[in-house]
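Subject: Structure handover

Hello,

Please find the structure below.

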Amino acid sequence: MQAASSIGTSLDFYLFVSFALFTIGAIGAMTRKNMIVLLMCIELMLNAVNLMLVTFSTYYNNGDAQIFVFFTMVVAAAEATVGLSIIIMAYRNLKSIDIDMYNKLKN
Amino acid sequence: MDSIIILFIAGLIGLFAGMSKKPVASILIASFGLIGAGLAAYYRGSYTSPFSSYAAYVPTQGLVIILLCAVTLLAILAGFKRYKSDDEHTGDYLGLILFSLCGAILMAQPNDLMLFFIGLEILSIPIYVLVGIDKGSSASAEAAVKYFFTGSFASAIILFGIALLYGATGSFQLVEIQSNLAIGIWQSPMAMIGSLFLLAGFTFKIGAVPFHFWGPDVYDGASNAVLMYMATVVKIAGVYALVNVFGQVFRDSYFFWIDLVSLLIVVSMFYGYITAWKQTSFRRLIAYSSIANAGLMLFALADIHNSNLFLFVAAYALATIALVAVNSVINDDSDALANWEGIAWKNPLIGIALVLALFSLSGIPPLAGFFGKFSLLWSAVPHVPYTAMLALIASVIGAFVYLRLLLLALKKPSVTVRIKLSLEQIIVLVVTSVASIGAIYFI
Amino acid sequence: MALILLPLVFSLLAWFVPSAFTRLFGLLSTGITLAWSMVAVCYFQPEEQILIDFGLRFVRFSIDSLGFTMILLTNAVFFLVFLSNFTGKLVNDNKFAALALLMQFGLLGVFTTNTILGFYIFWELTLLPIFLILYWFGTFDKPRALLQFFLYTLLGSLAMLLAVIGLMHATNQQTYEALLVADINALGNTSIWLMGGFLFAFAVKIPLFPFHTWQAETYTKAPVAGTMLLSAIMLKMALFGLLKWVLPIFDGVATDFWRWPIITLGLIGVVYGAVIAIRQSDIKTLFAYASLSHLGLIAAALMLNDYDTNQIAVVQIVNHSIVSIGLFLAAGIIEQRLGTRELSELGGIAKVAPRFGFWFAVLTFVSLSVPFTAGFIGEFFLIKALFSAHALTGFIASTTLVLGAIYMLRAYQAPMFGPSKFSSFQDLHWSEMTVFAILSIAAIYLGLAPQCLTDFVAHSLTQPTH
Amino acid sequence: MAKDLTLLLIIALPLIGFAINGLFGKKLPKTIVGGLATAVVFTAFLLATTLFSGLHGTQIVKLFNIIDFDQLRINASFQIDALSIWMTLIITGIGSLIHLFSMGYMSHDAGYHKFFTYLNLFIFSMLLLVLGSNYFVLFFGWEGVGMCSYLLISFHYNDAEKGLANSLAGRKAFIMNRIGDVGLLLALFMLLGQFNTLEFLQIGKALEANPALQGGAMFFITLSLFIAATGKSAQIPLFTWLPDAMAGPTPVSALIHAATMVTAGIYLTVRSNFLFELAPATKDIILYVGLATTLVAAFMALRQNDIKKVLAYSTVSQLGLMFVALGFGAYTVALFHVTTHAFFKALLFLGSGSVIHGMHEEQDIRKMGGLAKLMPITHFTFLIGTMAIAGIPFLSGFFSKDEIMAQAFLHNPVAYGVLVIAVSMTAIYMFRLYFLTFQGQFRGGATLQSKVHESGLSMTLPLIALALLSVFGGLLNLPGLFVKSTAHWFDHYLSHGTFGLAAVHNAHLDFNASMGLMLFASAMAIGVFIWAYLNYAKKGAVAKTDDALSGWEQLSAQKLYVDEIYNALFVKPLLAISDFAGKVLDIQLLRNGVYALADGILNTANLTRKWQTGFLSSYLFWMVFGLIIFVAYYILKLSVWH
């Protein structure tokens, strides 16, 4: 695992950005009430990871991380579709997409 | 590999057969698919597979696949009554289950984190759908929502962990990662935190504290039929993946994470069993008991070289399926424990199955549960004696929970109305009972 | 070999027996087993040792003279239990028969297994049937007491499981013989911990003083047959385990460490149980505390791990089985006939039921360990052993003579003597009379010639090294 | 016939009688039952006489060994020597007489066969006690007689009004005996510890071999032996059971609680003389306990109105007297008094039995009087018995008592003084009893008077026989001053035939002193007789009613409130402790403690389930929190490592 100089010292910068994105996504997921926004936050987290993967792949300049990124995107898309359909189904039932309405199951 | 293909094809056929509104046809197809997959796994190597070239990417150990297929078979059989009830969706049920089973097999013994992640998602996404499959009920909807968001959140965490590991080692191949870590890189923060994030993801999948929250609500909202699959296959796949990843990749950093694992074990077991005590809904009780059992499963990490996991997960899965099957026999939506009163008297088979399942879960010899627990502890005790001690104390509380359920079921009712069991239910109960006794073979 | 499996077969058959014949079936099956074991013991040389191996990994069997004694005791006890309940409705229930026979199988396993894990497995196996028996046929108003019994014992046995695993890891051995020669003392404190695990399980089962809280309640609320099974044979598993497994294996550091603590607890139990028994109003509860007192003595004496004392302890074990069957049978008869167990409500039974009065009296004197009964020999030598260990312990133990006289005579006189409170009391059924007769004969025979038993078991008891 | 065979036969016969009567007694006619029971005992007596005549030295008869360990061997073996045979003679002789008496006395009783079964069993156990060649067999018998005494005291347990009282009396006796037994048990253990055997002879030999063994150990051994003796022989502090034991049928009182069982304590002491000789301290204790008992019991007897109670207390007092003798180390003297006492006390009890029988179960002497005319034989024999115990010259009691007085006079003047008081009291209450019962007017009412009758032959014969014995019993051990040739025959017989006694030499007074003592004693006895005659016969004084009693009389009638004191001191506290332990300690503290613990653990569920809020955002928050914990753990680990 030899370090490629193309990206060099600014590796930390990219990593910081992706950490930041991930954290923002996580905090958003914790705090926001709107399901759609929640979905977006989680997508944000995934993309943060994608960024990190790409960074590393250029750092090690081997490509499989970038392949992984494609997979992740596909997965993210799949999740998004399922997620959205679930949200719609939920909306049909409770007429709301505020997740705090969904607390019948507890204890 | 062949098993996956077979399952996938069976799933597809089942999916379309479902449109013919002939539930029996689709269940038969699914069953044959599962049996075929099991056989394929069993005879693996004794014949030249057309897909042998891929075997390198999907190394599948026969035993686990057989277990997964068998459990799934039992689950769909026990749930068949439910599928029949809305016959335009029978196909969807079976198809989705088979697809997610493919994912389970894929992720159970990864040798590449990329494939592992894909398997994970293939396992999870169909279940998101299955949980929310009956569109009418708000509980189902809520369960689906919660499961989906927590689940995708967890996969983000896992992904993050994978990325960090990649950053530390520059590869997704477990072998390479291990060899890189072995030369001391595991002490780098990135690897350590990466491993911990991975652990967190697994913990979520098998539903141990502190990533257990989805469990009770989702189990509660989902239908018995789905629950049977979810409570067993997901856990089995998850814990096997965990053991394989940590056993292969992180064995050098054993002393770094084992204390954390012990902590998780103890907390999960106490939390799960104690909380189960006050439950009034059966499915929630099962959920909490499964949290505790997830804690027990983590013992497999204590001795990474030979983790005798199989017996325990098998026993756990069989007992759980038996219980949920009985619960689905009662079949009412309130799902209150009160309905269990005197059920053992309404049908001798139910009675026997219940006694065996519950004693097995509480780990009384000579039932499967005991041997599972024993083989787990057998390898664990030398490494984490005090954790084992605490775990045993916790399992006494667990016995409390199960026996309370048993006493409820055994209470002699004033008037007994016989319950008629359908063929597939009889099969399921008989199989689980026989299996829980048959474990004597392993002595 | 079939000796051990026979009860299992019968218990499986029992499920299919129509309830009209169940009582006969139970009687026959236990009778056959008993007869078989009696025949077997005739062909059995005390010094030999029968090894039985199914090729299982963890469980093997070997019958030595001590094991054979316990087999005989077990089969006899089960036969007597079935016989004594012959008039009760309990034995008409094939669930009871099946469970009891299953339990018999488990007990035989405990007494004959040759591997430490096997010991644990069978030990637990017995718990399952008795639990169901108690639950189905007992009068537990709320499951709490029952759960307490079950979980108390379960906690104990889990401690034992830990100890078993630890022991097998520490020595890499599992068979009895191998463990005997294994050098446990090398383990130092670990051995103390391991033995502690076993002792905790036994202390709950026997039970010893602070762990006895399940006993009185369970005995009182259990069906008579269940109480008999519990006190006559099931508690003996613990004493047997102490005698056959723990003391020989842990002979040395661990035993020296635990000796006095256990003896203290045992003696506390002796006095404590007796003192409490004095004022009990429920006759079954009274006998329960009495049993606490008697067993405490045996346990304490066993901890001395003295060759002769151990032989006598076997006599006392057998004697206690005899006594507890007899006394609980008497209590059961009173309860069955009159529907009450309160001493204050009873009186003058001996007048209307002279035969019962006589046999109950005999059993009372047996339990008072008067001369010509096994109890006399047993108590005399056990107390002697404790006395030679330390004068004070001997003195404390000997108080059981006086206290025992106080509560036993009360337990006998209150229901039997005085003005008759009951016009009619159906006298003994032949089956009950047979049981009493057998018990008395056995007790007197052992009282006059304990030598035959002590010599028999002596072969399988190991001479302590120290 | 070979000696050992004879001996075994002696022991076996009562057992056979017991077995037959026990098994078939219900079917057989009464005469056969009683006859058999009597016959076996009498045959045993005859066999015993043959042994007695052919006696020389000590012989051990080994039957089988009970326990045979490498350290320790205990045999069921028996010993023929002067002491054991003499006791056997007393037991079987008087026993057969009393059996004979019972045939008449119990003739109307429902439990006839049961009675004789128990009686035979008792004889058997008693024989074991005295014939055993080691302490273990002795202990067998010791416990056995205790059991029989329990059975016989509570014989009429289902009597309508007295049933419960009877059974309670039996229980009291058994428990108090058990307390003594504990003493014996401990003594046996200590002996085993010291000598590793229980054979009398071996222990004795061992002691002869090294006398160094005396001292502390001996003191404790002998003390525990003496405690055992106080239990059986009703000495302070364990004497209160004997008066209550009168609840049993009168023959039982005669046999067990006067003639045989209660003297087991004396037998034990004499048998272990070689031990007591090494423990002077114990002997002093025995002396003082004996003195206290004889005095206290005599005082209590003064104002008893139950005919049997009087005799009971006098028995206690007489036993005390014997222990005084033992205290002086005069074993033969004590045993001599045992013998004579067996004669006249059995006589008195049987006499009282005959009276009670004739009076139809009336025991209160205040309702009697003037029976002399109604039942002449009983009256005559009873008079003899009274005179014998009171110490009227030349009756058996006179001599045996005089021996003891002489010992006291020799060793300890104070003791002598006390004895004088006690003995005079004896005379007083006995004559009071006699006169109130047989002289004066009949106070039982006309209806009863008409029914009173003399007892049948089977009852009067034993009376006569015993009367003869109590007259001439004194000849066994005449003091030296009458006929030199047979003087102190009994002393010689015992001390040469019994191990250890030869070593103990008890001094005899010189001519004048003994003569003086005798004259004084006889004068005292006769004086009392005259006083009593004047008081009761002439003045016709009658026993006061209870409320009329005052001062010391009240004390005497209420037995110094000993029972009440014991109740307050031991019984009540024990029950209180039992209640406390049973209700509070065991249930409240321990059992509910366990429950509380379980509930405490399980109720935390109410907290833990609150964690599951049901809000997705909180779940996500906790997941993140978990991650933070993980990271914190990582940092922690690092800090631990570096």
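Pro237(D) sits in the loop between α8 (216-232) and α9 (241-244) of chain D. Helices here are DSSP runs of H or I with at least four residues, strands are runs of E with at least two, and both are numbered from the N terminus. A cis peptide bond with omega of about 5° joins Ile236(D) and Pro237(D).

Before the rest, some points on reading the model. It is a predicted model, in which local features need pLDDT of at least 70 and side-chain atom pairs count only at pLDDT 80 or more, while totals for chains, interfaces and linings use all residues. Residues are numbered from 1 along each chain as its sequence is written, and chains are lettered from A and ligands numbered from 1 in the order in which they are written.

Ala234(D) is not a glycine, yet it has a positive phi of about 55°. Most residues other than glycine have a negative phi, and most peptide bonds are trans. Is Ala234(D) buried or exposed? It counts as buried, with 30 C-beta neighbours inside 10 Å. The cut-offs are these: buried means 20 or more other C-beta atoms within 10 Å of the residue's own, exposed means 12 or fewer, and partly exposed is in between, with C-beta atoms placed from the backbone.

Phe372(C) is also not a glycine and has a positive phi, of about 70°. It is found in the loop between α16 (354-367) and α17 (374-389) of chain C. Phe372(C) is buried, as 20 other C-beta atoms lie within 10 Å.

In chain B, a cis peptide bond joins Pro365(B) and Pro366(B), with omega of about 5°. Pro366(B) belongs to the loop between α14 (348-361) and α15 (368-380) of chain B.

Chains C and D

Chain C has 20 helices and two strands. Its C-alpha atoms fill a box of roughly 70 × 55 × 45 Å along the principal axes. Of the 466 residues in chain C, 65% are buried.

Chain D has 26 helices and two strands, and its C-alpha atoms fill a box of roughly 115 × 65 × 55 Å along the principal axes. Of its 642 residues, 56% count as buried.

Domains of chain D

Chain D is divided into domain 1 (1-278), domain 2 (291-557) and domain 3 (565-641); the bounds come from an automatic or database domain assignment. The centres of domain 1 and domain 2 of chain D, taken over C-alpha atoms, are 24 Å apart. Between them, 40 residues of domain 1 are in contact with 45 residues of domain 2. Two residues are in contact if their C-beta atoms, placed from the backbone, lie within 7 Å. Which helix gives the largest share of the domain 1 side? It is α3(D), with eleven residues. By class, this side of domain 1 has 27 nonpolar, eleven polar and two charged residues. Nonpolar covers Ala, Val, Leu, Ile, Met, Phe, Trp, Tyr, Cys and Pro, charged covers Asp, Glu, Lys and Arg, and the others, Gly among them, are polar.

Contacts between chains

The contact between chains D and C takes 38 residues from chain D and 35 residues from chain C. On the chain D side, α6(D) supplies the largest share, 15 residues. That side has 22 nonpolar, eight polar and eight charged residues.

The nonpolar core

A nonpolar core is a set of buried Ala, Val, Leu, Ile, Met, Phe, Trp, Tyr and Cys residues joined through C-beta atoms within 7 Å. The largest one has 657 residues, and those with the most contacts inside it are Leu68(B), Ile321(B) and Ala346(D). Helix α6 (residues 138-169) of chain B provides the largest share of this core, 20 residues.

Regards
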